[in-house]
Amino acid sequence: MAQFNYVHNLTMRLLLFAVLVSLFAAVGFSSCTTVLDEAELSYQEQIVLSAVLTVGDTVRNIHVMRSAPPLGRIDYAQHGLPDAKVTLLLDGSPVATRRQTVLPAIGAQGLNPDKRTFFEAPSVIVRTGQRYDIIVEWSGKRITASTVIPAAPTVVGYQVMDVLTNSGNLWRYLQAVVRPRNGEAYSVFAESFFITPRNPNPSPSFAEDPAAVQNPLAPADTMQVRSLVSLGSSSPQDTTRYFARAVAYDAPFAAYSQSLRNGSTFVRWNVQGDGIGIFVGAAVGERRAVPYR
């Protein structure tokens, strides 16, 4: 279950950061010419939705909150919406949802979500090929989103590769070669372990770069996705180990993650209506050790 938690936790952190980006973009732009107070800034309260439905897991961790004024402090507990009406459809048929009983381990400093504003359908297991539609209603506002659950990616192979940049910097990547399918985006989770005599049982460090979708104008049998990983130590007494999992997402996740990681002030959500957010399916491949040299 750890891999499912990591998929959600990473996306949750990205989404909450993206909320900040979208709210403060107007402030940053305006500050180039004049200083505005909150009353002068245009603000419309919105619903914010975050969910990654992962194959093999139950439907859970559907997070609903409201946005905050541009100059206000976001308190993820105070801005939760436990009274939101959440309607979930599986292949067109209603699925009973409830407020979640256990708060997911977000694992990011400064985030304080309220477990009453997470929703779940604990009797439903996410399967490849299912279509989920969601409607969230609150205070006269309404948002919708939909996703199709992908299959686990077909991996041709993994490798760790070092790239020397023109400026002389050495970058290390963990690369996955996958066989792409229409309507899907791909990324690779990288786990790095740096084992030293003082720390023989280290905790892993995780990395994932933006998901990529195959260019329909340049179809290919395979595509490469990479994550930047740490170089580790060069000491002969130390050992570096890498593990990888390729992940398939419903295609809208690529536009979302790329717009966010590229620093765009216009994050590309797949939520429609009176709100913003991301609602996508995912399938995680098997964890594999990746030899280095």
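Predicted model: local features only at pLDDT ≥ 70, side-chain atom pairs only at ≥ 80, totals over all residues.
Helices (H or I, at least four residues) and strands (E, at least two) are taken here as DSSP runs, numbered from the N terminus. Buried residues account for 47% of the 293 residues.

Strand S11, which spans residues 184–195, is mostly covered, with 11 of its 12 residues buried. Its pairings go to several partners. With strand S15 (residues 239–250), S11 pairs in the antiparallel sense over 12 bridges, and here valine 188 has alanine 246 of S15 as its bridge partner. Strand S12 (residues 205–207) is joined to S11 by 3 bridges, again antiparallel; in this pairing serine 192 stands opposite serine 205. Strand S13 (residues 212–213) also runs antiparallel to S11, with 2 bridges between them, and alanine 185 faces valine 213 there.

Then there is an open sheet of 3 strands, laid out in the order S9-S10-S14 with antiparallel pairing. Strand S9 (154–164) and strand S14 (223–229) form the edges, each pairing on one side only. On average, neighbouring strands of this sheet are turned by 25° against each other, direction ignored. S10 (residues 170–179) and S14 run antiparallel and are joined by 7 bridges; one of the paired positions is arginine 172, whose bridge partner in S14 is valine 229.

How values were computed. Residues numbered from 1 in each chain as written. Heavy atoms only, no water. Pairing = 2+ DSSP bridges. Axes fitted to C-alpha atoms, helices over the stretch in contact; angles between N-to-C directions. Buried < 20%, exposed > 50% of the residue type's maximum accessible area, 1.4 Å probe, protein only.
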